[in-house]
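Please open the model in a viewer and follow the selections below in order.

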Amino acid sequence: MSRRKGLSHEEKRQKMMELFYERKDFFQLRELEKLGPKEKGVISQAVKDVVQSLVDDGMVDTEKIGTSVYFWAFPSKATNIRKRKLDDLTSRISDVDKRLKTSQSKVEQAKVGREEGEERSETLRRLKELEEKKESLGKEIQKYRDSDPEVLATMKESTKVAQAAVNRWTDNIFSIKSWCKNKFFIEEEVLNKQFDIPEDLDYI
């Protein structure tokens with residue numbers, strides 16, 4: 001014979017709420033730990049956690065009086081809780097309904113002037129043609145960019161700067177070669193070979 005399946009946490013919560021509603025009284029925890037197993041099949045070890053979860057959810061009230069802590073819950077409170085929840089849900093539904101109507105109105109307004117028809121289709125077709133033409137002209141302009149006077153002027157100026165830099169370094173190389181020949185009495189051919197200097201090195 002299979003063992004009887006224990007109650008789930010939610011079932012224990014329901015059973016303890018039934019106990020409060022049926023008794024309509026105030027209880028200390030030790031009393032609930034005795035009544036829970038006896039009347040509702042909730043084991044005493046689980047009563048404390050179950051009751052605390054009900055307190056946390058606002059379904060059971062609690063108050064410390066002197067050194068004792070009491071717990072209670074009446075059906076009237078549950079009714080009020082359900083009524084508040086219903087009112088809250090009703091209010092939310094009303095808000096959502098208003099936002100939906102506003103959105104629908106905006107959609108309808110946005111559709112004005114966008115009705116499907118020959119004129120709109122022709123406008124969209126023309127727009128597509130112009131966008132394709134713009135893209136094609138952009139590519140064509142890019143081809144002739146090298147012939148642009150401004151681009152040519154910039155390239156010419158850059159070439160002058162580069163030429164000056166090359167000649168400056170060439171002059172530096174000749175000066176160093178001359179210094180080495182006079183200081184260390186090294187032949188120019190040896191210097192050129194040692195430092196990979198071309199024999200025909202000259203100013204541009």
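Relative accessible area, computed with a 1.4 Å probe on protein chains only, classes a residue as buried under 20%, exposed over 50% and partly exposed in between. This is a predicted model, in which local features need pLDDT of at least 70 and side-chain atom pairs count only at pLDDT 80 or more, while totals for chains, interfaces and linings use all residues. Residues are numbered from 1 along each chain as its sequence is written, and side-chain values use heavy atoms, with hydrogens and water left out.

Select isoleucine 176 in helix α6 (residues 149-184); helices (H or I, at least four residues) and strands (E, at least two) are DSSP runs numbered from the N terminus. Isoleucine 176 counts as exposed because its relative accessibility is 52%.

Next, select the aromatic rings. Rings of Phe, Tyr and Trp (its six-membered ring) pair if their centres lie within 6.5 Å, and planes under 30 degrees apart count as stacked, over 60 as edge-to-face and the rest as tilted. The structure holds four aromatic pairs. In one of them, phenylalanine 26 and tryptophan 72 have ring centres 5.2 Å apart and planes at 55 degrees, so the pair is tilted. Phenylalanine 26 lies in the loop between α1 (9-23) and β1 (27-28) and tryptophan 72 in strand β3 (residues 68-72), so the pair ties together parts 46 residues apart in sequence. Tryptophan 72 counts as buried at 17% relative accessibility, whereas phenylalanine 26, at 43%, counts as partly exposed.
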